[in-house]
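Look at the sequence and the 3D structure below.

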Amino acid sequence: MIAVRIDKDGFVRDFRRIIATARRPRAVLAAAGREAANRLRAHFRARHRENPNKLGGKRQNFWLHVMRSTQSPVVDEGANTVTISITHPAFAQKVFGGTIRAKRVRNLAIPQTAEAYGRAPSVLEHEAGIKLFVLRANGRAWLAAAQDGSNLK
């Protein structure tokens, strides 16, 4: 789980003071949580609009999926906190990075062309009617296809 604490120029101090003097602190926390969740969703929609696929091709709509996985706020009145969960399984990887490993297959295929984007190699072979093979050199491996008789793609 990702936890983000907001501590910007006395915000926490001022917000604690507001909560302490509020007649209905739960309502204040709920309103703040709703606003934060709405701003997160708007941010993810903007990311979707502003970031097309680098390779072109069919969009995977990652940021829309993240936006839809942004949950409604949950208020913990005892701790004076609001929690907004983002349940998308790849969101933490996108934010913090890390190693990606193949789980259901032996190797990962990273697309280099718009034609290959969003498709498993077996799907690409079937849909494009091409035969892929592995080239190995210098400890690396590439999937390639014969193109125009003697050229590789």
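Asn138 sits in the loop that links strand 3 (132-137) to strand 4 (140-147). Helices (H or I, at least four residues) and strands (E, at least two) are DSSP runs, numbered from the N terminus. This is a predicted model, in which local features need pLDDT of at least 70, side-chain atom pairs count only at pLDDT 80 or more, and totals for chains, interfaces and linings use all residues. Residues are numbered from 1 along each chain as its sequence is written, and side-chain values use heavy atoms, with hydrogens and water left out.

Asn138 has a phi of about 55°, a positive value, yet Asn138 is not a glycine. Most residues other than glycine have a negative phi. Asn138 counts as exposed because its relative accessibility is 80%. The cut-offs are these: buried means under 20% relative accessible area, exposed over 50%, and partly exposed in between (1.4 Å probe, protein chains only).

Asn61 also has a positive phi, near 60°, and is not a glycine. Asn61 belongs to the loop between helix 2 and helix 3. Its relative accessibility is 27%, so Asn61 counts as partly exposed.

**The whole chain**

The protein has five helices and five strands. Along the sequence, the pattern is α-α-α-β-β-α-α-β-β-β.

How does the radius of gyration of the protein compare with that of a compact globule of 153 residues? The protein has 23 Å, whereas the globule would be near 15 Å. The radius is taken over C-alpha atoms, and the globule rule is 2.2 Å times the number of residues to the power 0.38. The C-alpha atoms fill a box of roughly 80 × 30 × 30 Å along the principal axes.

Of the 153 residues, 16% count as buried. The protein exposes about 12,300 Å², and carbon and sulfur atoms supply 51% of that area. Accessible areas come from the Shrake-Rupley method with a 1.4 Å probe; for residues, only the protein chains shown count as cover.

Contact means heavy atoms within 4.5 Å. Take the contacts between residues at least 6 apart in sequence: 38% of them join residues at least 24 apart.

Charge comes next. There are 28 positive and 11 negative side chains, and the centres of the two sets lie 3 Å apart. Lys and Arg count as positive and Asp and Glu as negative, while His and the chain ends are not counted. Each charge is placed at NZ of Lys, CZ of Arg, CG of Asp or CD of Glu.

**The largest nonpolar core**

Which residues make up the largest nonpolar core? The six are Phe44, Trp63, Leu64, Val66, Met67 and Phe91. Helix 3 (residues 62-68) gives the most to this core, with four residues. A nonpolar core is a set of buried Ala, Val, Leu, Ile, Met, Phe, Trp, Tyr and Cys residues joined through side-chain atoms within 4.5 Å. In soluble globular proteins, nonpolar side chains tend to be buried together. Leaving out residues up to four places away in sequence, Leu64 touches Arg45 and His48.

Leu29 is in helix 2. Its relative accessible area is 1%, so Leu29 is buried. Not counting residues up to four places away in sequence, Leu29 touches a set of residues that includes Phe15, Ile19 and Val75.

Ala145 lies in strand 4. Ala145 counts as buried because its relative accessibility is 6%. Beyond residues up to four places away in sequence, its contacts include Phe133 and Leu152.

Asn53 is in the loop between helix 2 (25-50) and helix 3. With a relative accessible area of 17%, Asn53 is buried. Asn53 touches Lys58, Arg59, Gln60 and Tyr117, not counting residues up to four places away in sequence.

**Distances across the model**

Gln112, in the loop between helix 4 (91-96) and helix 5 (121-128), is exposed at 62% relative accessible area. Arg39, in helix 2, is exposed at 59% relative accessibility.

| Pair | Apart in sequence | C-alpha to C-alpha |
|---|---|---|
| Leu29 and Ile18 | 11 residues | 10.0 Å |
| Ala145 and Phe133 | 12 residues | 6.4 Å |
| Gln112 and Trp63 | 49 residues | 21 Å |
| Arg39 and Phe91 | 52 residues | 17 Å |
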